[in-house]
Amino acid sequence: MTELMGTTGLILNEPLLWEKGKKGRCGFSLPKQDVEPSPLDPELTGEGPDFPDLSEVDVVRHYTRLSQWNFGLDTGMYPLGSCTMKYNPKTNERQASLPGFSGAHPLLPDTLSQGALRIMFELEQYLTEITGMDAATLQPAAGAQGELTGMLLVYAWHQSRGSRRSKIIVPDTAHGTNPSSAALCGYRPVAVKSNDKGILSAEVVSEVMDEDTAGIMITNPNTLGLFEENILEIADIVHSMGGLVYCDGANMNAVMGVAQMGKIGVDVMQLNLHKTFSTPHGGGGPGSGPVCVKKDLEPFLPVPRIVQKEGRYALDENRPDSIGKLQAFYGNFGVMLKAYCYIRTMGPENLKKASQFAVLNANYIKEMLKDTLHLPFDRPCMHECVFSDKNQTPDHITTLDMAKRLMDYGFHPPTIYFPLVVQGAIMVEPTETESKEDIDRYIEAFKAIVDEAKHDPDLLRQAPHKCKVRRLDETTAARKPCLAG
Amino acid sequence: MHYLPHTAEDIGSMLRVVGADTLDDLFSTIPDDCRLKADLDLPDPLTEWELNNHMEGLSCQMAVAPEYKLFMGAGSYEHFIPASISYLLGRSEFVTSYTPYQPEMSQGTLQAVYEYQTLAARLLGMEVATASHYDGATALTESLLMAIRITGRKRVAVSSLIHPLYRKTIRTYFEPSGYDVVELPYLENGTTDLGRVDELDDLAAVAVQSPNFFGCIEDLQKVGEKAHEKGAFFVPSFTEALAYGLLKNPGSYGADIACGEGQSLGIPLSYGGPALGMIATNKKYMRKLPGRLVGQTKDLDGRRGFVLTLATREQHIRREKATSNICTNNSLCALAAAMYMASLGRTGIRELARQNHDKAEYLKSQLKASGFNIPFDRPTFNEFVVEFPPGFEKTYERLLKKKIVPGLSISPFYPELANHYLLCVTETRSKEEMDELVRGLTIDNSKLRD
């Protein structure tokens, strides 16, 4: 490598908020009091929260310094597997902050909210087209709430047919949230194993599928980055026993314009707008997890539904079979509208290109690194590829060590130790928005690190060296939790 | 397309490395009968400049401040947000990072969330708070599930004056589990009737909202005592977090879990989302909390640092036995709330909360003086219910045309309360605007009487 991307610049230490400031300061332009004071009953009046008093400059410097301790997608490549950290277009941020959207009250009459309702109505249509489904709800706030919504829909559909089932099939290559989302619905997850090709065979599904099983939760492409090739046959088996097929669509970025889940046996699926549709992840949300369904499940979708009549849009609460509500209002509208802008700026051709390049980039990394890192499933992958640290075991170097060392090179590490089916997994998802040069630099960095593992393993075990802090004591953090100052 | 960097040359050389002839060949593992043969039926792409026009056009179809004067809250509150907060919150290091799984390069988010947890706990008078939940409705639902998990009981008593949309969310989550939700009726003074609690057994929690959906401040002392008498968790919730700048906090009444909506703390209305679900409890229950938690620790050199912690409660480790399925939460909204609380400080939040209260009292007194009925006599914070004369819908429509939104009709949620409206006044409404509202109401009111 010519020069390491990672370097050390001047960043400043910054205390905790309450370790600075002075009583009597305020960082807020308080409005003028234009009415007479009207004291509240002292019985009900508290002392006011013990907040520090800071000036506006104190607050601005505080958060500016903190932000500089963070690595974001705008800083550099962030190939976190299963998270689709693609570029977050800046125009979408602008549109979301337009006063008509950021200032809109959710309980305004429909006639005064036509702009927002139209965006939501059209976004539902776009998402059903992309997935090949019949209807969508935008209400779920994130992927996991989308999964829960999907499970509630499955439950409601079974109940409407007078059937109560207790189990749900969850493959070992499904997302980690799947079993807990199913359990919230009272379903007992039945684990099934993927085969030696890293995908699910129809036989294992057929062995466990019965009339007490509500259906299957399948992640496609799965968390090994592989397309579930037997999906049609699996769907047939599940359907023949009266079950439904749920697809975790978090990995949709691989197949936009290439495959429509609704056409290949899927009855219900969630999408993650903060992955596939470019909305920023915000350091842990807000996300948005719309759910798309086939016609049979539409009556059960959460209320209100957005309807269009003669060019006007309205909210419709009158759906007697609806499962109800997943949150107070309509979901994370501010996130939806960024996804809407993304789809409108990309158009059908570029969405397909995005998937093609995402898959090209992942396969390129897989080919370029497969002689360096152990590749448990050497087959064409979709949008992500999964390696392991097996080759480094003789050097006593782990996935964690390599991940931490990547930081010094100026990259965010991949997802590590997931999926669980691969021991010491290293899950790389470059996405389509990384250029070949950046990807080549990443590959070079990984090769250099594997070389260091042989010649200077302590460099890795002690890594990172260039971050704000060194490795942190997570054990003590959990044993003696300190959650507030 | 300016988000896609590959040139034809890049594509060609990468395909050669992969051993594929065309981009289509990359999908060879997808069986032919699973492949989409046609193009997606979506609108053609817009340029950035066309998008600007399109979105501005849609934005103009929304009724918002400053053109419209809203006297409506009901779970979503218009408050001033300093430019410093919007500016800081736009820092891409915060916006474009993922959940801080790699703490060494995420200390900014982690310290900020730790500070949020601390300020949230202080606001509510509790010992610990979570990193964030989706919104107030899901925070309350997850709090009730937490009480059920800890007590091993299967019934919750929920005040009918908890936001109706929150109650609907609880029912949606609870439906398959078979947990029983009992709604407590309300009294004439606009607070919860606790009479039924005595008859209930197997009670995991008693939940009330304060200020409640009618804006009335509940007698939390009494509710807490009643809940604890039954061995149940006392779970006070809220939709207007700013109220605790003035009111006694839930912790001082012995809350076991305090939860609700933090949108008021610097988060734009944004048509109802994203918002901020808040949950706080005391240390003895912290290992039972749903959702993410950030904890303080040290690095190898003994320097202070922060990490996501107590992950063994969570879905990626505990799978179906997890305390919640939440993964992506509303972290950036928690950051906004922390910035807002830090900007106000103890001095500022007190003053701002007092202004909300005093302004609402002013409007209430003006409406009373104009002959309108204020049906519930309990003290309120920045919202209250007014009973307008029959036929008020016409006045409502007329005021909408004058770009005044005179509250929310609550009869869809409480059919027995025809012509009752929930009005809200925050610091964003001036005395002049309130006087204008009263004038608009009285002119029509005298006409209605004629």
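These legends go with several close-up views of the two-chain structure shown above.

The structure is a predicted model, in which local features need pLDDT of at least 70, side-chain atom pairs count only at pLDDT 80 or more, and totals for chains, interfaces and linings use all residues. Residues are numbered from 1 along each chain as its sequence is written, chains are lettered from A and ligands numbered from 1 in the order in which they are written, and side-chain values use heavy atoms, with hydrogens and water left out.

**View 1. Chain A meets chain B.**
Let's start where the two chains touch. Here 201 residues of chain A are in contact with 176 residues of chain B; contact means heavy atoms within 4.5 Å. The size of an interface is often given as the accessible area lost when the parts come together. For chain A and chain B the buried area is about 16,800 Å², with 65% of it on carbon and sulfur atoms; this is the accessible area (1.4 Å probe) that two parts lose on being put together, summed over both. Between the chains there are also 76 residue pairs in polar contact, both residues being at pLDDT 80 or more. A polar contact is a pair of N or O atoms within 3.5 Å; within protein, one must be able to donate a hydrogen and the other to accept it, and residues adjacent in sequence count only if both atoms are side-chain atoms. On the side of chain A that touches chain B, helix H9 (residues 333-369) gives the most, with 28 residues. Helices (H or I, at least four residues) and strands (E, at least two) are DSSP runs, numbered from the N terminus.

**View 2. Salt bridges across the interface.**
Side chains of opposite charge can pair when their charged atoms come close. A salt bridge is a side-chain nitrogen of Lys or Arg within 4 Å of a carboxyl oxygen of Asp or Glu, and seven of them are counted between chain A and chain B. One of them joins Glu104(B) to Lys404(A), at 2.8 Å from N to O. Another links Lys359(B) with Asp34(A), where the closest N and O atoms are 3.2 Å apart. In this pair Lys359(B) sits in helix H10 (residues 331-369) of chain B, while Asp34(A) belongs to the segment before helix H1 (56-67) of chain A. Is Lys359(B) buried or exposed? Lys359(B) is buried, with a relative accessible area of 2%, whereas Asp34(A) is partly exposed at 28%. Buried means under 20% relative accessible area, exposed over 50%, and partly exposed in between (1.4 Å probe, protein chains only).

**View 3. A salt bridge within chain A.**
Now look at Lys86(A) and Glu432(A), which form a salt bridge with their closest N and O atoms 2.8 Å apart. Lys86(A) lies in the loop between H1 and helix H2 (90-96), and Glu432(A) in the loop between S12 and helix H11 (436-455), so the pair ties together parts of chain A that are 346 residues apart in sequence. Lys86(A) is buried, with a relative accessible area of 1%, and Glu432(A) is buried at 0%.

Strand S6 (residues 233-238) of chain B is mostly covered, and six of its six residues are buried. In a regular strand the side chains alternate between the two faces of the sheet. On one side of S6(B) are Phe233(B), Val235(B) and Ser237(B), on the other Phe234(B), Pro236(B) and Phe238(B), and all are buried. Strand S5 (residues 203-209) of chain B pairs with S6(B) in the parallel sense over five bridges; two strands pair if DSSP finds at least two bridges between them. Follow Val208(B) across to find its bridge partner in S6(B), Pro236(B).

**View 4. A three-stranded sheet in chain A.**
This open sheet has the strand order S10-S12-S11 in chain A, with antiparallel pairing. Strand S10 (385-387) and S11 are the edge strands, each pairing on one side only. Three bridges join S10(A) and S12(A), and Cys385(A) stands opposite Val428(A) in S12(A).

**View 5. Backbone details in chain B.**
A cis peptide bond, with omega about 0°, joins Ala65(B) and Pro66(B). Pro66(B) is in the loop between helix H2 (48-59) and strand S1 (69-70) of chain B. Ala74(B) is not a glycine, yet has a positive phi of about 55°. Ala74(B) lies in the loop between S1 and helix H3 (83-89) of chain B and is buried, at 2% relative accessibility.
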